[in-house]
Amino acid sequence: MSSETGSAAPLDIRAVMAALPHRYPMLLVDRVEELVPDRSIAAIKAVTINEPFFQGHFPGRPIMPGVLIVEALAQAAGVLAVESLGLAGSGKLVYFMAIDGAKFRAPVEPGVLMRLEVEFVQKRATVCKFAGRALVDGKLAAEANFTAMIADPPA
């Protein structure tokens, strides 16, 4: 992903938490390095041995579960959608609708910075499609296409 005009300043954890409703242990985006509204985002997840899932996945060989890598990509997409559509503070949530073509290329282990790169494929008022890639040390760890719906939270 290349830097383009119109990119927003990096977002720290406070700004990420303002954009997403997720909290520990489910908040999987630690910072945003690059955000181009209506186009793309590059975010970071610091993967540490302190993550609660490593205790059981797997004892003696800790590997981040693939579904949580996809969740991290979806959360990065959520920040992109909230920032692009001006939804901050609106109470709207970004819900998963579909995951397609998820592929896991390399295990993600504790002690790495996982880079989450997500681009809009299609953007509408209530449904958005994204393409995401998770990289560790510049190497592809996982990829997926996914669809999300923007809606009010449940009553």
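The model is a predicted one, so to speak of local features a pLDDT of at least 70 is needed, side-chain atom pairs count only at pLDDT 80 or more, and totals for chains, interfaces and linings use all residues. Residues are numbered from 1 along each chain as its sequence is written, and side-chain values use heavy atoms, with hydrogens and water left out.

Start with the sheet. Six strands make up an open sheet with antiparallel pairing, in the order β1-β2-β4-β5-β6-β3. Strands here are DSSP runs of E with at least two residues, helices are runs of H or I with at least four, and both are numbered from the N terminus; two strands pair if DSSP finds at least two bridges between them. At the edges sit β1 (31-36) and β3 (93-104), each pairing on one side only. Neighbouring strands are turned by 20° against each other on average, direction ignored. Axes are lines fitted to C-alpha atoms, for helices over the stretch in contact, and angles run from 0 to 180 degrees between N-to-C directions. β1 and β2 pair over 5 bridges, in the antiparallel sense, and leucine 35 has isoleucine 41 of β2 as its bridge partner. Helix α2 packs on this sheet, touching β1, β2, β3, β4 (112-123), β5 (127-136) and β6 (139-151), and its direction makes about 55° with that of β4. Contact means heavy atoms within 4.5 Å.

Next comes the core. A nonpolar core is a set of buried Ala, Val, Leu, Ile, Met, Phe, Trp, Tyr and Cys residues joined through side-chain atoms within 4.5 Å. The largest one has 44 residues, of which Met64, Val79, Val108, Met114, Leu116 and Phe130 touch the most other members. Two or more residues each come from α1 (13-19), β1, β2, α2, β4, β5 and β6, with α2 giving the most, 12 residues. Beyond four places in sequence, leucine 116 is in contact with residues including Ile41, Ala72, Ala76 and Ala134.

Two residues are worth a look. Phenylalanine 54 lies in the loop between β2 (40-47) and α2 (66-85), and counts as buried because its relative accessibility is 5%, buried being under 20% relative accessible area, exposed over 50% and partly exposed in between (1.4 Å probe, protein chains only). Among its contacts beyond four places in sequence are Val47, Met64 and Val108. Glutamine 75, in helix α2, is buried too, at 1% relative accessibility. Leaving aside neighbours within four places in sequence, glutamine 75 is in contact with Leu20, His22, Met26, Leu27, Leu28 and Val29.
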